[in-house]
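Thanks for coming. Please have the sequence and the structure open while I talk, and stop me if you lose the place.

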Amino acid sequence: MHQLCVFDFDGTLADTIADIAAAVNRALARMGYAQHPLAAYDRMVGSGADTLCVRALPEGEKARAAELLALYKADYFEHCTERTRAYGGVAGALQSLADAGCALAVITNKPQEQVERVLAACLGGTRFVRIVGQLPGVPKKPLPDTLLALMQACGYEKDETVYVGDSDVDMQFANAAGVAGIGASWGFRGRAELEAAGAGYVADDPADMARYILARRGAKQKELAALARTAAALGAASVRWAVGGSLLLWRRGIAADFHDIDLLVDERDIEAAAAALGAIGTLTNDRRSAPYTTRHFLEYVVGGADVDVMAGFGVMLDGVQRDFAFGEAHVARTEPVEGTPVCFGFVEDWYILYQLIPGREAKVRMAEDYLARPGRLDRAALLRALENSLPDDIRRRSLALLASAARA
């Protein structure tokens with residue numbers, strides 16, 4: 001599997017804060033305003049120069065942001081490399097990724113002319129396939145437009161792409177694009193913010209970041225190849241199915257890892273699914289275990305990867321039978337994996353399923369945190385899932401998520 005590694009710039013590849021702060025402070029002084037201490041700028045940067053200037057102005061003076069922006073940009077362009085340096089270990093980490101065949105790129109909210117100038121000064125020996133800064137009319141992070149366009153232009157899929165950044169905006173950006181988000185704890189914001197924002201992994205230093213990317217890249221080749229092969233077989237048999245479980249969470253950037261391939265299949269298609277998978281893999285188990293009452297549970301090994309198939313999901317909770325229906329309406333989208341169309345389910349369905357499965361509270365919280373973010377929750381999907389016979393506590397918790405998402 002190839003890998004596209006995309007990086008934020010300020011606070012991720014380079015420590016730029018001193019030059020940014022000095023330029024803004026000089027511009028503020030020219031306009032007659034008080035200057036800010038250096039530490040205050042850690043919280044101001046990350047959303048683009050225009051937002052930085054709004055944040056730097058006193059309350060009641062925000063209308064002068066355009067004036068401050070013009071002064072800042074002129075000053076910063078002249079002084080942007082005086083104290084800026086690449087973080088220690090960044091150049092070596094980037095080289096190790098490039099040596100392993102990874103494509104490198106930068107997407108930042110820093111204005112285009114600034115990032116090109118600073119990048120050339122501190123990482124001029126590194127080859128990036130694209131350097132994407134802020135341009136007029138182009139949506140900024142955390143909107144995913146620039147990353148999705150870059151992936152399409154360079155020919156990479158979501159599971160072949162990672163985004164590395166140091167702020168909550170960066171993790172929101174990765175999640176919005178559906179790629180793995182890796183936090184740079186050495187940057188401006190720190191580990192706590194990155195973890196709270198849903199980073200799939202938070203690296204301690206640039207070398208740790210590179211090791212994680214390369215391990216992730218190699219470890220999942222087998223599983224993704226098996227998924228593509230499984231998808232081709234099920235598609236040829238006209239089976240209605242969808243990927244779920246930890247692979248779905250990994251695909252959406254919610255979970256840092258997955259170990260097997262969980263599939264939900266329409267119960268009407270289970271015989272066709274069994275025949276298709278039997279032709280490409282080995283059946284290792286066809287027996288469910290308590291408390292599960294799933295009508296069809298099949299475990300296969302396909303290309304060395306474990307593939308678990310469920311149709312007619314059921315579980316016994318407190319002496320009550322709980323079923324979860326699956327059909328064509330439960331396919332959220334089809335996305336290519338290694339060039340093969342793969343059906344993916346709804347996170348909303350698995351938010352409910354994980355509440356029904358004993359011992360899955362950690363994954364429930366992961367899915368809940370993801371769905372609680374603005375624009376994430378598919379209300380229709382969650383309401384459809386709630387049509388199943390569910391315990392009162394699960395229903396109340398899910399309705400509370402619906403209500404909180406409506407307020408967001």
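**Helix packing, salt bridges and backbone details**

Helix 14 is mostly covered, with ten of its ten residues buried. Before I go on, note that this is a predicted model. The buried residues of helix 14 are V347, E348, D349, W350, Y351, I352, L353, Y354, Q355 and L356. You will see that charged side chains such as E348 and D349 are on that list of buried residues.

Now the neighbour of this helix. How do helix 14 and helix 15 cross? Helix 14 covers residues 347-356 and helix 15 covers residues 361-371; their axes come within 9 Å and cross at roughly 150°. Angles over 145 degrees count as roughly antiparallel, and helix 14 and helix 15 are therefore roughly antiparallel to each other. The crossing of the two is left-handed. On the helix 14 side, the contact is made by V347, E348, Y351, Y354 and Q355. Helix 15 contributes K363, V364, A367, E368, Y370 and L371. Sorted by class, the residues of this contact are seven nonpolar, one polar and three charged.

Why one helical turn? R365 and E361 are four residues apart in helix 15, so about one turn separates them. As a reminder, an α-helix has 3.6 residues a turn, so residues three or four places apart point the same way. R365 counts as partly exposed at 43% relative accessibility, and E361 also counts as partly exposed, at 36%.

Helix 3, residues 49-56, packs against helix 4, residues 65-79, at an angle of about 115°. The axes of helix 3 and helix 4 are 9 Å apart, and their crossing is right-handed. From helix 3, the residues in the contact are A49, D50, L52, C53, V54 and A56. From helix 4, they are A65, L68, L69 and Y72. By class, this contact has nine nonpolar residues, no polar ones and one charged.

K73 pairs with E113, and the closest N and O atoms are 3.8 Å apart. What does this pair tie together? K73 lies in helix 4 and E113 lies in helix 6, residues 112-123, so the bridge ties together parts that are 40 residues apart in sequence. Both ends are partly exposed: K73 has a relative accessible area of 31%, and E113 has 36%.

D159 bridges to R251, with the closest N and O atoms 2.7 Å apart. D159 sits in the loop between helix 7 (145-154) and strand 6 (161-165), and R251 sits in helix 12 (residues 245-251), so this pair ties together parts that are 92 residues apart in sequence. Are D159 and R251 buried or exposed? D159 is buried, at 2% relative accessible area, and R251 is buried as well, at 3%. The pair is part of a network: salt bridges that share partners join K158, D159, R251, R252, R333 and E335. Over the whole structure, the search finds 26 salt bridges, and I have picked out a few of them.

Last, some backbone points. Where are the cis peptide bonds I want you to look at? One runs from K141 to P142, with omega near 15°. P142 lies in the loop between strand 5 (130-134) and helix 7. Another joins A290 and P291, with omega about 10°. P291 is found in the loop between strand 11 (282-285) and strand 12 (296-302).

Then there are positive phi values in residues other than glycine. S238 has phi near 55°. The residue lies in the loop between helix 11 (221-236) and strand 9 (241-244), and S238 is exposed, with a relative accessible area of 57%. E338 has phi near 50°. The place to look for E338 is the loop between strand 16 (331-337) and strand 17 (340-345). E338 counts as partly exposed, at 41% relative accessibility.

That is what I had. I will take questions now.

How values were computed. Residues are numbered from 1 along each chain as its sequence is written. This is a predicted model: local features need pLDDT of at least 70, side-chain atom pairs count only at pLDDT 80 or more; totals for chains, interfaces and linings use all residues. Side-chain values use heavy atoms; hydrogens and water are left out. Axes are lines fitted to C-alpha atoms, for helices over the stretch in contact, and angles run from 0 to 180 degrees between N-to-C directions. A crossing is left-handed if the near helix is turned anticlockwise from the far one by less than a right angle, and right-handed if clockwise. Contact means heavy atoms within 4.5 Å. Angles under 35 degrees count as roughly parallel, over 145 as roughly antiparallel, 65 to 115 as roughly perpendicular and the rest as oblique. Buried means under 20% relative accessible area, exposed over 50%, partly exposed in between (1.4 Å probe, protein chains only). A salt bridge is a side-chain nitrogen of Lys or Arg within 4 Å of a carboxyl oxygen of Asp or Glu.
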